[in-house]
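Visitor: I have a structure open and would like to learn how to read it. Can you take me through it feature by feature?

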Amino acid sequence: MLYQKLLVGERPYFVRVGGHGKFCEHRHPDLELSYCMEGEYSLRIGDATYLMRKGDFAVVGSMAVHAYDGRGSENVALNLEVGPAFLGEFFEAFA
């Protein structure tokens, strides 16, 4: 399992728009938002697996183990990771 460090510094968030292939099990302190814009992909959070289809939105909690599987289909997703530098005093309420 991969561990990503907390987002700190000049960029209080990370945004990615593109195809979702396979991304191994990982976790990080930041909250992760995933929005399926086209196609479909699987998102596993802990022991639950969700089939994300166009229009679906998921929130991955702080330190939740999660993984992606693009299921071999064409897809486009918007992923946003935000940490305390972005949410400030409200981070703990969301985390």
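Guide: Start with the fold. The protein has two helices and nine strands. Helices (H or I, at least four residues) and strands (E, at least two) are DSSP runs, numbered from the N terminus. This is a predicted model, where local features need pLDDT of at least 70, side-chain atom pairs count only at pLDDT 80 or more, and totals for chains, interfaces and linings use all residues. Residues are numbered from 1 along each chain as its sequence is written, and side-chain values use heavy atoms, with hydrogens and water left out.

Visitor: Which pattern does the protein follow along the sequence?

Guide: Read in order, the pattern is β-β-β-β-β-β-β-β-β-α-α.

Visitor: What share of the contacts links residues 24 or more positions apart?

Guide: Contact means heavy atoms within 4.5 Å. Take the contacts with a separation of 6 or more: residues 24 or more positions apart account for 69% of them.

Visitor: How many of the residues count as buried, as a percentage?

Guide: Buried means under 20% relative accessible area, exposed over 50%, and partly exposed in between (1.4 Å probe, protein chains only). Here 32% of the 95 residues count as buried.

Visitor: Which residues make up the largest nonpolar core?

Guide: A nonpolar core is a set of buried Ala, Val, Leu, Ile, Met, Phe, Trp, Tyr and Cys residues joined through side-chain atoms within 4.5 Å. The largest one has eight residues: Cys 36, Tyr 41, Leu 43, Met 52, Ala 58, Val 60, Tyr 68 and Ala 77. Strand S5 (40-45) and strand S7 (57-60) are the elements that give two or more residues to this core.

Visitor: How many aromatic pairs does a search of the whole structure find?

Guide: Rings of Phe, Tyr and Trp (its six-membered ring) pair if their centres lie within 6.5 Å; planes under 30 degrees apart count as stacked, over 60 as edge-to-face and the rest as tilted. The search of the whole structure finds one pair. Tyr 41 and Tyr 68 form it, tilted, with 6.0 Å centre to centre and 50° between the planes. Tyr 41 lies in strand S5 and Tyr 68 in strand S8 (residues 66-69), so the pair ties together parts that are 27 residues apart in sequence.

Visitor: Are Tyr 41 and Tyr 68 buried or exposed?

Guide: Both are buried. Tyr 41 counts as buried because its relative accessibility is 0%.

Visitor: Which side chain makes a polar contact with the side chain of Tyr 41?

Guide: A polar contact is a pair of N or O atoms within 3.5 Å; within protein, one must be able to donate a hydrogen and the other to accept it, and residues adjacent in sequence count only if both atoms are side-chain atoms. The partner of Tyr 41 is the side chain of Ser 34, at 2.6 Å.

Visitor: Now charges. How many salt bridges are there?

Guide: Side chains of opposite charge can pair when their charged atoms come close. A salt bridge is a side-chain nitrogen of Lys or Arg within 4 Å of a carboxyl oxygen of Asp or Glu. The count comes to four. One of them joins Lys 22 and Asp 69, with the closest N and O atoms 3.9 Å apart. Lys 22 lies in the loop between strand S2 (13-18) and strand S3 (23-27) and Asp 69 in strand S8, so this pair ties together parts that are 47 residues apart in sequence. Lys 22 is exposed, at 69% relative accessibility. Asp 69 is partly exposed, at 31%.

Visitor: Which residue forms a salt bridge with Arg 44?

Guide: Glu 25 does, with the closest N and O atoms 3.0 Å apart. Arg 44 lies in strand S5 and Glu 25 in strand S3, so the link spans parts that are 19 residues apart in sequence.

Visitor: What about Glu 32: where does it lie, and how far away is the nearest side chain of opposite charge?

Guide: Glu 32 lies in strand S4 (residues 31-38). Lys and Arg count as positive and Asp and Glu as negative; His and the chain ends are not counted. Glu 32 is buried yet has no salt bridge, and the nearest side chain of opposite charge, Arg 16, is 8.4 Å away. The Glu 32 side chain does make polar contacts, with the side chain of His 28 at 2.8 Å and with that of Tyr 68 at 2.6 Å.
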